[in-house]
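Please look over the sequence and the model below before reading on. The notes after them are grouped by topic.

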Amino acid sequence: MTSRFTELAVDCHDPEGLAAFWCAVLGFDVIERSEGKVEIGSWVPTVEEVRARQMPPTVLFVQVPEGKVVKNRLHLDVSPVDTTSDAEVARLLALGATRADVGQGADCSWEVLADPEGNEFCVQRTLAP
């Protein structure tokens, strides 16, 4: 017996704003909205599909009153699929990301950014041919 990784929940102040940012980053769509919550994904999950096999998780943004205080213990890594890593970083900065220093040093092969609410994420090497 196993469990499935079905969604990643992110606490935030502005679920709509953060969902819009991450939809632009990942090419996802909003798949559900409710009071103080917005869920995004690359597909609309059904119980049957989730039971049958592991599918890409969705991301759920949940409104909370408290702000982010320390470095994330869990973060997303993204890899551009059709451009260079530098071009993707520039695109993400234009969308509202900021550069973040989590002690990674100048010689690392990835770029650490933060989303509009300060959640760190990494841009890894490109997957473009």
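Predicted model: local features only at pLDDT ≥ 70, side-chain atom pairs only at ≥ 80, totals over all residues.

Residues are numbered from 1 along each chain as its sequence is written, and side-chain values use heavy atoms, with hydrogens and water left out. Helices (H or I, at least four residues) and strands (E, at least two) are DSSP runs numbered from the N terminus.

**Sheet**

- Four strands form an open sheet in the order β1-β4-β3-β2, and the pairing is mixed; two strands count as paired if DSSP finds at least two bridges between them.
- The edges are held by β1 (7-12) and β2 (29-34), each of which has a single partner strand, so one side of each has no neighbour in the sheet.
- On average, neighbouring strands of this sheet are turned by 20° against each other, direction ignored; axes are lines fitted to C-alpha atoms, for helices over the stretch in contact, and angles run from 0 to 180 degrees between N-to-C directions.
- Strands β2 and β3 (residues 37-41) run antiparallel and are joined by five bridges.
- R33 has V38 of β3 as its bridge partner.
- The two strands β2 and β3 make a hairpin with two residues between them, and G36 in the turn has a positive phi of about 75°.
- In a regular strand, side chains alternate between the two faces of the sheet.

**Helix α1**

- Helix α1 (residues 15-26) lies across β1, β2, β3 and β4 (58-63), and runs at about 10° to β3.
- The twelve residues of α1 reach 16 Å from first C-alpha to last, close to the 16 Å expected at 1.5 Å a residue; the expected span is 1.5 Å times one less than the number of residues.
- Buried residues in α1 are P15, L18, A19, F21, W22, C23 and V25, where buried means under 20% relative accessible area, exposed over 50%, and partly exposed in between (1.4 Å probe, protein chains only).
- G27 follows α1 and has a positive phi, near 75°.

**Nonpolar core**

- The largest nonpolar core has 21 residues, and those with the most contacts inside it are W22, I40, F61, L92, L113, F121 and V123; such a core is a set of buried Ala, Val, Leu, Ile, Met, Phe, Trp, Tyr and Cys residues joined through side-chain atoms within 4.5 Å.
- At least two residues of this core come from each of β1, α1, β3, β4, α3 (85-95) and β8 (120-123).
- Helix α1 gives the most to this core, with six residues.

- A search of the whole structure finds zero disulfides, a disulfide being a pair of cysteine sulfur atoms within 2.5 Å.
- C12 is in no disulfide, and the nearest cysteine sulfur, that of C23, is 12 Å away.
- C12 is buried, with a relative accessible area of 1%.
- C122 is also in no disulfide; its nearest cysteine sulfur belongs to C108 and is 7.8 Å away.
- C122 counts as buried at 8% relative accessibility.

- V89 sits in helix α3 and is buried, with a relative accessible area of 5%.
- V89 touches R99, E111, L113 and V123, not counting residues up to four places away in sequence.
- The C-alpha atoms of V89 and C122 are separated by 9.6 Å, although the two are 33 residues apart along the chain.
- N119 is found in the loop between β7 (111-114) and β8, and counts as buried at 13% relative accessibility.
- Leaving aside neighbours within four places in sequence, N119 is in contact with V10, L18, K68, N72, L113 and A114.
- F28 lies in the loop between α1 and β2 and is buried, with a relative accessible area of 16%.
- F28 touches C23, I40, G41, S42, P57 and V59, not counting residues up to four places away in sequence.
- The C-alpha atoms of F28 and T46, 18 residues apart along the chain, are separated by 17 Å.

Terms used: Contact = heavy atoms within 4.5 Å.
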